[in-house]
Amino acid sequence: MSQARRVAVIVGSLRKESFNRKMAMALPALAPPGLNFEIAEIRDLPLYNQDDDANPPAPSAAFKQKIQEADAVLFVTAEYNRSVPGVLKNAIDIASRPYGKSAWDGKPGAVISVSPGAIGGFGANHHLRQSLTFLNIPVLQQPEAYIGGAGDLFDDKGGIKKEDTKAFITKFLAAFGQWVEKNAKAK
Ligand SMILES: Cc1cc2nc3c(=O)[nH]c(=O)nc-3n(C[C@H](O)[C@H](O)[C@H](O)COP(=O)(O)O)c2cc1C
């Protein structure tokens, strides 16, 4: 990459032992140089309320600021009932408002879904893409990252145990690095 890029990672699960959080934590070791990841935490966000647009609660303003400061965004999400967890949708809504002042606009992005199930959160991954399209986030198309069998994927320290998954995520992040390079706004 010609210059270092800040990537805000948004984890779509609040669970302490979340597989998605483990995946998010495993990314830096597998990424090309120049992609710097930071988790933009969504745990303390209140529920979005349009009445607060002019004066948002401090945690909402701070989250939106983090997204604004990032060069790119990477969603690592669980699937709930074939869609994204409400906590993730809430975070997306918060940083999207007021209308016309979205923090997401034009930032290159990508999606990884992780599930113990066999189809790797496909439903969440694609439901999420519907919102990202509206938010004008150019989303990496290939490779797609549906990571199934998560119950058996991580070791005691949270590292990825399976070599083929590690190789796939490495390939995915290399493509994402190129995508960010191509689509990030000039600094
Ligand atoms: C409310 C709820 C709905 C769920 N729905 C799905 C689903 O549609 N598809 C799926 O693969 N897993 C589903 N699961 C199981 C999650 O994939 C599993 O709890 C997973 O560990 C969540 O991700 P995390 O480990 O990052 O928290 C659901 C879990 C919950 C709590």
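Tutor: Happy to! Keep in mind that this is a predicted model. Rolling a probe the size of a water molecule over the atoms shows where empty space is left. Here, the largest cavity has a volume of about 30 Å³.

Student: Which residues line the largest cavity?

Tutor: Its lining is made by Val11, Ser13, Leu14, Arg21, Glu41, Ile42 and Arg43. By class, that lining holds three nonpolar, one polar and three charged residues.

Student: And how much space lies in the largest pocket?

Tutor: The largest pocket holds about 310 Å³ of space. Its lining has 15 residues, and Ser96, Arg97, Ser102, Phe134 and Leu135 are the ones nearest the centre.

Student: Which helix gives the most to the lining of the largest pocket?

Tutor: That is H3, with four residues. Both helix H3 (86-96) and helix H4 (122-134) supply at least two residues each. Sorted by class, the pocket lining has five nonpolar, five polar and five charged residues.

Student: Now the packing, please. At what angle do helix H1 and helix H5 pack?

Tutor: Helix H1 (residues 19-30) meets helix H5 (residues 163-183) at about 70°, and their axes lie 10 Å apart. Angles of 65 to 115 degrees count as roughly perpendicular, so H1 is roughly perpendicular to H5.

Student: Which residues make the contact?

Tutor: From H1 come Met23, Leu27 and Leu30, while H5 brings Lys166, Ile169, Thr170 and Leu173. Of the residues in this contact of H1 with H5, five are nonpolar, one is polar and one is charged.

Definitions and conventions:
Residues numbered from 1 in each chain as written. Predicted model: local features only at pLDDT ≥ 70, side-chain atom pairs only at ≥ 80, totals over all residues. Heavy atoms only, no water. 1 Å grid on protein atoms, 1.4 Å probe; cavity = no way out; pocket = protein on both sides within 12 Å on 5 of 7 lines; lining within 4 Å. Points joined across faces, edges and corners; volume = space filled by probe spheres on them. Nonpolar A, V, L, I, M, F, W, Y, C, P; charged D, E, K, R; others polar. Axes fitted to C-alpha atoms, helices over the stretch in contact; angles between N-to-C directions. Parallel < 35°, antiparallel > 145°, perpendicular 65-115°, else oblique. Contact = heavy atoms within 4.5 Å.
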